[in-house]
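Let's take a walk through this model, starting with its rings and ending with its strands. Have the structure open and follow along.

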Amino acid sequence: MSALPLQGIKILDLTRVLAGPLSAQMLADLGAEVIKIERPGGGDDARAFGPPYLKDPDGQHNNNNSFYLCANRNKKSVTVNIATEEGQDIVRELAKSCDVMMENYKVGDLKRYRLDYESIKAINPGIIYCSVTGFGQTGPYAPRAGYDAILQAMGGLMSVTGHLDGEPGAGPMKVGPSIVDYMTGMNSSIGILSALYHRKVNGGEGQHVDVCLFDTVIASLSHYAQIFLVNGQTPPRRGTWGNGGMPAGVFRCTDGELMLVVGNDGQFARTCAVLGEPQLATDPKFLRNNDRVVHGKEIMAIFAGLFLKKPVAYWLDELEKAGVPSGPINDFSQVFADPHVRSRGMQVKVEHPFEQSLSLIRNAITFSGTPVKQYRAPPLLGADTRDVLATIGYDEAKVEALKQQKIV
């Protein structure tokens, strides 16, 4: 098997919950050795974000839930109490041989433990030190804690998400999954990889990478935020309406719904033909996309009536033949049963101590020369403590003594 892209890179991961762990998992998938530091006893806060939990073979309570499992595969778990001097010494010793250190503590928290960037840089000048926070290392909000939903609200995402004004249930709405955490994890990975490349080509210089949820959500608003920057107006909530081509949105059929996006004038004409009303394409109100945006409510209402005449499968088949982008509104069971999803291998199986064949979602990147083919299950709490500490000179007796003192 070909070497993975990040083989030889060693990462010390002090992040918890989701954004930081997702980033570390992405890098672990790509071949980096990731040593995850967890609190003795409780571990990563995410371990308490259940149910559902995997079933312990002995029926005992455990801390391996879906929230933790989604973000911690391909890592080693080492338990260390960083509130103790001995625990801090362990982390610093591990950091000496690492390329990257990641943390998501409140700004300034790790300085009292001498685990902040300047302290680690003093013992490892080439370290890439990535801090993942809610609001960043600077600015008036820097000391605040931040969770995904709070940043969706503060960053403007909720203001443009939800049903159209005037419709039942209108008002700001949170995106379902923790999307800001995921995007922050991606930005963290990009920052780390860029800093590693910079270090390689510019003489071994390390640096501090500052990534936060607030910056990420604002940047992610892209064309929506740019509308405001151009004309000073916040775009209205559009429900399922599209963001460019019109008409675009969810349409009810006789047996369900589909999502349609008419991206240009040619697609509009073909869609009108499929719907049995070709003359709509020559109506002056709908001739060009800009015209259809101006008369959006009218064309959406017309299309809504037409789609109600036949079932989802019929329309999807006809729209596909006409080259018009459309798709079903799938739930998760339909997603993972989809033949294309299966052909892409998006669901992978790993062997977990509690489950013979545990399903996970594969890394979304596909390489031709260095494919990601092997996945290790997210580790049990502290599963690798003895092995990892042995690499820095801690023998069995020393580890046992530290365990008795609840340092590991």
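Before we start, one definition: helices, H or I in DSSP, are runs of at least four residues, and they are numbered from the N terminus. Keep in mind, too, that this is a predicted model.

With that in hand, look at helix α11. Phe303 and Phe307 sit 4 residues apart in this helix, so about one helical turn separates them. Their rings form an edge-to-face aromatic pair, with 6.2 Å from centre to centre and 65 degrees between the planes. The label follows from the angle, because planes over 60 degrees apart count as edge-to-face. Are these two residues buried or exposed? Both Phe303 and Phe307 are buried, and for Phe303 the relative accessibility is 0%.

With Phe251 it makes a tilted pair, 6.1 Å centre to centre and with 50 degrees between the planes. Which parts of the chain does this pair tie together? Phe251 belongs to strand β7 (residues 248-252) and Phe303 to helix α11 (residues 296-307), so the contact links parts that are 52 residues apart in sequence. Phe251 is buried too, at a relative accessible area of 2%.

Ring pairs join Phe251, Phe268, Phe303, Phe307, Tyr314 and Trp315 into a cluster. Across the whole structure, a search turns up 11 aromatic pairs.

Rings also meet charges here. Arg47 has its charged end over the ring of Tyr68, at 3.8 Å from the ring centre. Likewise, the charged end of Arg144 sits over the ring of Tyr141, 4.0 Å from its centre.

Next, on to the strands, with β2 (residues 33-38) as our guide. How many of its residues are buried? The strand is mostly covered, with 5 of its 6 residues buried. If you want a spot to check, Leu12 has Ile35 in β2 as its bridge partner. Trace the chain between these strands and you pass helix α1 (residues 19-29); together, β1, α1 and β2 make a right-handed β-α-β unit.

Strand β2 also pairs with β3 (residues 75-79), again in the parallel sense, over 5 bridges. Here you can look for Glu38, whose bridge partner in β3 is Thr79.

Notes. Residues numbered from 1 in each chain as written. Predicted model: local features only at pLDDT ≥ 70, side-chain atom pairs only at ≥ 80, totals over all residues. Heavy atoms only, no water. Phe/Tyr/Trp six-rings, centres within 6.5 Å; stacked < 30°, edge-to-face > 60°. Helix = DSSP H or I, 4+ residues; strand = E, 2+ residues; numbered from the N terminus. Buried < 20%, exposed > 50% of the residue type's maximum accessible area, 1.4 Å probe, protein only. Lys NZ or Arg CZ within 6 Å of the ring centre and 35° of its normal. Pairing = 2+ DSSP bridges. Right-handed = clockwise from strand over helix to strand, strands pointing away.
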